[in-house]
Amino acid sequence: MVGAQSAPQSPALGPETNLPLPRFVSLKASETNVRRGPSLSHRIDWVYTRRNMPLQVVAEYGQWRRVIDRDGQGGWVHYTLLSGARTVLINEQATALRARPDEKALENAILEPGVIARLAECNADWCKLSAGGYRGWALKSALWGVTPEEIED
């Protein structure tokens, strides 16, 4: 049919958890093996060593979750090593943490690239974060671990 609009796509749901795929989680452990496949018999490709690092779950198989990091690298991680607590990674440049979601608001801190911050809430353009004892708002576009259309409260 010409001119027909398709209905908006609803997110895929994981077969094990019935939670949306993809979705963001964080690492519970300070050391996490990333495996080539979803079992202990699969080879460990590498080890994540940053607790609270945000990851994106893209697939589920039994008690295993396929995750990717900011660089698109990933593998299979046992679900007990992941947390639903949301964190974000400051992307490629220093980012101001502001008192209000406004570019002219007072800067509470400057977060360097690679800093992990706890995510509290997001509106269309800004997210409220806490990191290193500081709290404030950062532009969503400066963060990895939250989608542009995501609204958290």
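I began with a cut-off: a residue is buried under 20% relative accessible area, exposed over 50%, and partly exposed in between. I also noted for myself that this is a predicted model.

**Entry: N52**

I looked up N52 with that scale in hand. Its relative accessible area is 26%, so N52 is partly exposed. I found N52 in the loop between β5 (44-48) and β6 (54-61). What made me stop there was the backbone: N52 has a positive phi of about 75°, although N52 is not a glycine. I reminded myself that most residues other than glycine have a negative phi.

**Entry: N18**

Next I went to another asparagine, N18. Here, too, I read a positive phi in a residue other than glycine, with a value near 65°. N18 sits in the loop between β1 (12-13) and β2. Is N18 buried or exposed? I checked, and N18 counts as exposed because its relative accessibility is 53%.

**Entry: L21 to P22**

I then followed the chain to P22, which is placed in the loop between β2 (20-21) and β3 (23-27).

**Entry: aromatic pairs**

How many aromatic pairs are there? My look-up gave two.

I took F24 and W144 to start with. Their ring centres are 5.2 Å apart and their planes stand at 90°, so I noted this pair as edge-to-face. The pair links distant parts of the chain: F24 belongs to strand β3 and W144 to strand β16 (residues 143-144), 120 residues apart. I looked up the surroundings of both partners as well. F24 counts as buried because its relative accessibility is 11%. W144 has a relative accessible area of 15%, so W144 is buried.

Then I turned to W46 and Y48. I found this aromatic pair to be edge-to-face, with 6.4 Å centre to centre and 80° between the planes. W46 has a relative accessible area of 29%, so W46 is partly exposed.

**Entry: to revisit**

Notes
Residues numbered from 1 in each chain as written. Predicted model: local features only at pLDDT ≥ 70, side-chain atom pairs only at ≥ 80, totals over all residues. Heavy atoms only, no water. Helix = DSSP H or I, 4+ residues; strand = E, 2+ residues; numbered from the N terminus. Buried < 20%, exposed > 50% of the residue type's maximum accessible area, 1.4 Å probe, protein only. Phe/Tyr/Trp six-rings, centres within 6.5 Å; stacked < 30°, edge-to-face > 60°.
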